[in-house]
Amino acid sequence: MSLINNFIKFDLNETTRKSIAEYLWIGGSGKDLRSKARTLPEPVTDPAKLPLWNFDGSSTDQAPGDDSEVILRPQAVFRDPFRGGSNILVMCDTYTPAGYPIPTNKRFNADKIFNHPDVAAEEPWFGIEQEYTLLQKDTRWPLGWPVGGFPGPQGPYYCGVGADKSFGRDIVDAHYKACLYAGINISGINGEVMPAQWEFQVGPATGISAGDQLWVARYILERITEIAGVVLSFDPKPIPGDWNGAGAHTNYSTKSMRNDGGINVIRKAIEKLGLRHKQHIAAYGEGNDRRLTGRHETADINSFSWGVANRGASIRVGRDTEKAGKGYFEDRRPASNMDPYVVTSMIAETTILWKP
Amino acid sequence: MSLLNDLVNLNLCDVTEKVIAEYIWIGGSGMDMRSKARTLPGPESDPSRLPKWNYDGSSTEQATGDNSEVIICPQAIFRDPFRRGRNMLVMCDAYAPTGDPIPTNKRFNADKIFSHPDVIAEEPWYGIEQEYTLFQKDTKWPLGWPVGGFPAPQGPYYCGVGSDKAFGRDIVDAHYKACLFAGIDISGINGEVMPGQWEFQVGPVTGISSGDQVWMARYILERITEIAGAVLSFDPKPVLGDWNGAGAHTNYSTKSMRNDGGINVINEAIEKLSKRHKEHIAAYGKGNERRLTGLHETADINTFSWGVANRGASVRVGRDTEKEGKGYFEDRRPSSNMDPYVVTSMIAETTILWKP
């Protein structure tokens, strides 16, 4: 296999100016990532300079067979950690040939919100804590769990270390460096409460970039688990029973919140979120009702609550923020399978633009 | 194994001027590739200056035992991605000692067509989308499929990512870079609709060179799957049932089609192709009737049809071409095991030389 790896890691710079661009997009389910590659005549770093492309939408539930072309528009460029050199990953969104965003293109609307002058003026920052579970490929049972049985109850696994407490760290660490190489603002990783569950954080990232970066980080994780022969799951409650679910807590602040007196802006924002709880929950990920039960460090899905340092609330304000009178807050409601374009833009829209 | 690899990767440039040339030809079935190597006194970039060679045609069903020599003539040179340095891969075609092309030499006739002044004037470009399937070596079942069973139905695999959706990416990625290194105009890759099936594209390439490059890319892929321990198949319908076949869609344009008003030339060309549908189909690959059923993004083998953005037609014209009034079209009929010398020259002959 090392001969194959030699090819994969070839540095083409010695023989050609050509570079390879892997175009990424979100498929018909709104959650499946797809990609294909093309050769460019020379290295490119600016998404505006990359060509539009298209794909067979009839194979991804995004177009009918007799009118199958869906257009890919490059939006963000990252270094390709798998091909190295001057090769790139390109996050795209999807359009009909007539130029309209197709229904699964959630980035388009998010971009409109983030371009609104009132939103742009507030420089909204997002830090997203992406949780996920690793599963054995053939059994779909969590990695490291005995097939046909369960590991010892939760307790030793959160940030744990050791062969009986931490399952799959090589994937997590490979992903961490791959993301840093790619140019993603990955701010940290940790082992989670349920064994074989992990978390990485992306942020702080401003506006639409938070969604771009999180989707590409997810893509890199799918590629790494593919190499490792392990299945990646973003299901919000992968194992029923006394096992934690997986979320995507979204930390948020605006310029006003970060300045002196920001704590008041934070309170007003939380109040607005409380008035639109149902609408947010509907957009915060499928299957979230299995996760938001009020137990396992979640708030019940039907009630909205907030508190300082309270992990059982919908929204948590950190002690630092309370003490400094300014800072950020954490929306703990989004599920691990949420669409970051939807969640980030909705939080900005409700707290900055919406009038109750 | 690493000691062997060190020897395989030895850089001879510092100790000798000698280079190794791997002579490659197509065997008696018209689909099997053969090769053997010889030492040359120094580097060479012009195929006409390389020595002709010969091989034992009675071992490849291309000659009889009592008159077994078949002459191979170098036609195109590529850099050897396996031996690197100044070593080369040489695409050859095969002749009897009398100088006549042997029956399986399809390049000879193609070259005559591409040398016709009317064809030369039109600068025919080809982009060939070569699909193929990877198989497990011992079971002859597709790579990644459970032995004795099937994966989940088609849907998630086209351009898919993740260990449960993409099988064999390392082979595909190694092949991509190896071809770029070799000097092949490989323009992209993608995962296909059936799991374990992939595609690479070669082009746009002019005239006879398209066939040379596709055959060389196929050879490099056979060498890489050999290293990986997987079996390569160009069968057009490798698994019966609700699983896509494998094709070699051939994109085509001439100078007139690429210029203003080209859409009319395209329409005329498609009309001529429709009048020779049976002749083309007969030359477009063995076993194609198992693939061209009218289902699975194919047109039925007995009917000729064309349409814009229609993947169920024999010939597809892209929306871009329709919009700009010039461009190229895609012949979707050739199967994955087609001979690119035959297909490319036949398309040129029918559309440029043939009068109905």
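How much area is buried between domain 1 of chain B and domain 2 of chain B, and what percentage do carbon and sulfur atoms give? About 1700 Å² is buried there, 77% of it from carbon and sulfur atoms. Buried area is the accessible area (1.4 Å probe) that two parts lose on being put together, summed over both. This is a predicted model: local features need pLDDT of at least 70, side-chain atom pairs count only at pLDDT 80 or more, and totals for chains, interfaces and linings use all residues. Residues are numbered from 1 along each chain as its sequence is written, chains are lettered from A in the order in which they are written, and side-chain values use heavy atoms, with hydrogens and water left out.

**Domains of chain B**

- Domain 1 spans 3-104 and domain 2 spans 117-353 of chain B; such bounds come from an automatic or database domain assignment.
- The centres of the two domains of chain B, taken over C-alpha atoms, lie 27 Å apart.
- UniProt, in an unreviewed entry, places "domain: GS beta-grasp" at residues 19-99 of chain B; its annotations may be inferred rather than shown by experiment.
- Residues 19-99 of chain B are 0% helix and 48% strand, by DSSP runs (helices H or I, at least four residues; strands E, at least two).

**Interface between the domains of chain B**

- Contact (heavy atoms within 4.5 Å) joins 18 residues of domain 1 of chain B to 20 residues of domain 2 of chain B.
- In domain 1 of chain B, M31(B), F78(B) and F82(B) lose the most area to domain 2 of chain B, together 38% of what that side buries.
- A salt bridge is a side-chain nitrogen of Lys or Arg within 4 Å of a carboxyl oxygen of Asp or Glu.
- The side of domain 1 of chain B that touches domain 2 of chain B divides into eleven nonpolar, three polar and four charged residues. Here Ala, Val, Leu, Ile, Met, Phe, Trp, Tyr, Cys and Pro count as nonpolar, Asp, Glu, Lys and Arg as charged, and the others, Gly among them, as polar.

**Interface between chains A and B**

- The contact takes 45 residues from chain A and 46 residues from chain B.
- About 3900 Å² is buried between chain A and chain B, with 53% from carbon and sulfur atoms.
- Seven salt bridges cross the interface of chain A and chain B. One is between R316(B) and E69(A), at 3.0 Å from N to O.
- On the side of chain A that touches chain B, β2(A) gives the largest share, seven residues.
- That side of chain A divides into 16 nonpolar, 13 polar and 16 charged residues.
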